[in-house]
Amino acid sequence: MSNAEMQGARILRFHTSDKVFHSINAICWYALFFTGAIVYFGNMMGKISDETANLLMVWHIWLGGLFTLNFIGYVLFAPERFAVTMKNLLEWDKNTILWFRNFGGYPRRFFKIPFGPVEVPPQGRYNGGQKMSYLIFIAAVVYLIVTGWLLWMGAPLLGKTVFYWLFMTHVWGSFIVTAMVTCAHIPLALLSMEHFKGIWRIGSGDISYEAAEHHAPTWVQRDVIKVVEK
Amino acid sequence: MSKYQYTERDVPALLGRRGFLKVIGLCAVAVVAAGAAITKLITSRNKVILDRQAGLYADDKRLQKMKLTSSHENDVCWQVYKDMNGKPVEGEMYKLNHTHYTPRSQLAMTEAEHHV
Amino acid sequence: MNVVTFRPPQGCRGEDGPEYQGNFRKGELRGIIKINKDNCVGCDTCRKFCPVDAITGGLGSIHKIRDDACVSCGQCLSACPFGAIEQMSFVEDVLKVLDDPKKFVVAHPSPAVRVALAEEFGGQPGDLCTEQMLNAFEKAGFTVYDVNQTADQTILEEGTEFIKKVRYWCLGERSPEVNQMAHHPLPHFTSCCPGWVRNMEINFASAIPHVSTTKSPVQMGGALAKSWAAKHIWNKDPRDVVMVAVTPCTAKIYEASRPEFVDAWKWNVEHGYLPKDTPAFPDIDYSLTTRDIAELLRRKGINPLTMPKTHEVKTMEKYTGAGTIFGCSGGVMEAALRTAYAILSGEELKDPDIITVRGMNNSLVEATIPIPLKAQGGKIFELRVAVVNGALQDLHKVMKIINEDKDRWHFIEVMNCPGGCVNGGGQPLQGAGSAWLAPTTPLPVKL
């Protein structure tokens, strides 16, 4: 379609299932992070009481349950959205790779580091950095869910060496990904209020044509179609 | 009244049969691999125990070949009774080889021992 | 994998306290197993392996062992993924006594040590290294009195005891020989596992009349060493004999400290071999675990796996197959049956390998052994036995059953540790840790 006629229009980027999944996932993630980290470091420094530690872990498990059901629910009840997301994240073209030549121009933009060329090649629905980090985030979600349940219930079956490594990767893996989310994903998301409001607002998940064209021109060109009124 | 005028193309068009099969295939591989790893882990949980037991049963077979199968074939044990002029479970042998037990509850105990 | 040990602290035997402290008598070692609160992350694994629910603390909390409930079995220590649980160790004391030329130090090694010691020096679980182990002990300055032999001795005692019970309770015999069993009804329980014994004293004290009065092989060895052996074999003053048990077990450390185990001293004083005012000495002076003895050997620069593989069997090292299988779950039962069958039927078992009573990796094993009774012209007596393989999974079930049906079994072997002593709390640590045995369904989930 011609860009001219799309000026001022709105594009549905985030379906309701995406928004429900993302919001619950995000809130649970940070609640899980805080309950877990406070207990882990509290015990390490001997600064937390047994009652508090146990209470926080009880919350951690309930939150883990919600976190798990949220992910399973998304896959089971919105498989088409999950599939489209995975397809978009797993298909890497030349432009995706070229994004990494200058990291989307962000080093230059935020830190004045003249890394790579100035131009950013046109990206699809997700740019190179998003594809890489979202794949990591989804892998982390699955890994934390699986290891979380095994750590809570599986000690008699697993043996202590396996348990030890599950524990360490669960704890430190979550810290590393939380750092990525806090220091990269969220600040970058805030760069486009259209996207940010689109995914978080209670209501329709649409964004402006201008925001879509700026961030994901190839997506607009290949995958976006006019809504057919019935 | 729609809030938006444009949307993404439908999933079947985007994913296609090949794409769908690719995803299902990858998930199946992941599930089978995880299942195999966990099954292997669980079935080998007792390997250390069984191996150590096997070592002792091998020691047993070695001794059976030397006609030392049962405890009553150990002449040194019978020598003890001869030297000490005693019999199993009786008299002096009872005093040396037998014991009694102490019932313990979570309450403080005094003089609560069971004797024969 | 290493285990942190600690020296026995002041007051660990309640020496300055009252006759009873909690449910410990004065003299008994307490706090043998300790959770180091600085290293505990609250993962809750230990609590799931404790057979007596002696660990307090929920998920996330620093866990603590309740000494009054603890039987010192060390399963929690074996299971802890973070090495946060520590063991009281007497290695220093034994090293000191080995250097004392006046002392005659005797190593008393259990069956299970010889199939695990190699692991501490790069070998595999199950590597049978008896000869090298004995040579290593001798090089370190020990004389050896093999527990495998006192295991045989235990069978002679317990076999006789059990048969007297069968004659009294099942065959209706009344005679001076068997009337002492009037106060010891069936079912008969084994008594060689100190973890089981303390568990029983605390939680199933009503079973006391049923439990065999026969001592464990280690304790029997201690008493015989300082009476029979000191006099007839070694020609030593029993006060100079230092008995060092070497076992796969941390509960043995507790067992050796039980105040009643001074029977050799009593025997010597009663017979006039020692003056009446001789201070009491224990039958077993120290109990070291397999890990402890490996540490001792290391400190002396001795690697058992480099010692010669041949060893001339001495009098005090002679044992039978029945003795060596004590380290396996079902081993005591099988050993007892080989002898009980021979005594009751007048003939040896055609096949001495009684596979049906071997615990292997099943948490509960039941079997019926038909025994033709010589005294009744070959009439078959169906001996019903049970083997509790690990107190955690099925001990409660078995105790509940016999509350309701005392005739279900005649003879029950109970081992605290899953798999038997080979998987004791004092064995070299392996990554697979302390194991959950079959059945694995329903899932062994302890929340």
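**View 1. Strands β14 and β15 of chain C run parallel and are joined by five bridges.** Strand β14 covers residues 379-389 and strand β15 covers residues 411-415 of chain C. Within β15(C), C:F411 is the bridge partner of C:V385. Strands are DSSP runs (E, at least two residues), helices are DSSP runs (H or I, at least four), and both are numbered from the N terminus. The model is predicted: local features need pLDDT of at least 70, side-chain atom pairs count only at pLDDT 80 or more, and totals for chains, interfaces and linings use all residues. Residues are numbered from 1 along each chain as its sequence is written, and chains are lettered from A in the order in which they are written.

**View 2. An open sheet of four strands in chain C has mixed pairing.** The order is β10-β15-β14-β13, where two strands pair if DSSP finds at least two bridges between them. At the edges, β10 (188-189) and β13 (364-373) of chain C each pair on one side only. Helix α13 (residues 391-404) of chain C lies across β13, β14 and β15 of chain C. The helix runs at about 135° to β14(C), with axes fitted to C-alpha atoms, for helices over the stretch in contact, and angles from 0 to 180 degrees between N-to-C directions.

**View 3. Chain C meets chain B through 69 residues of chain C and 50 residues of chain B.** Contact requires C-beta atoms, placed from the backbone, within 7 Å. On the side of chain C that touches chain B, α5(C) gives the most, with nine residues.

Methods: Two residues are in contact if their C-beta atoms, placed from the backbone, lie within 7 Å.
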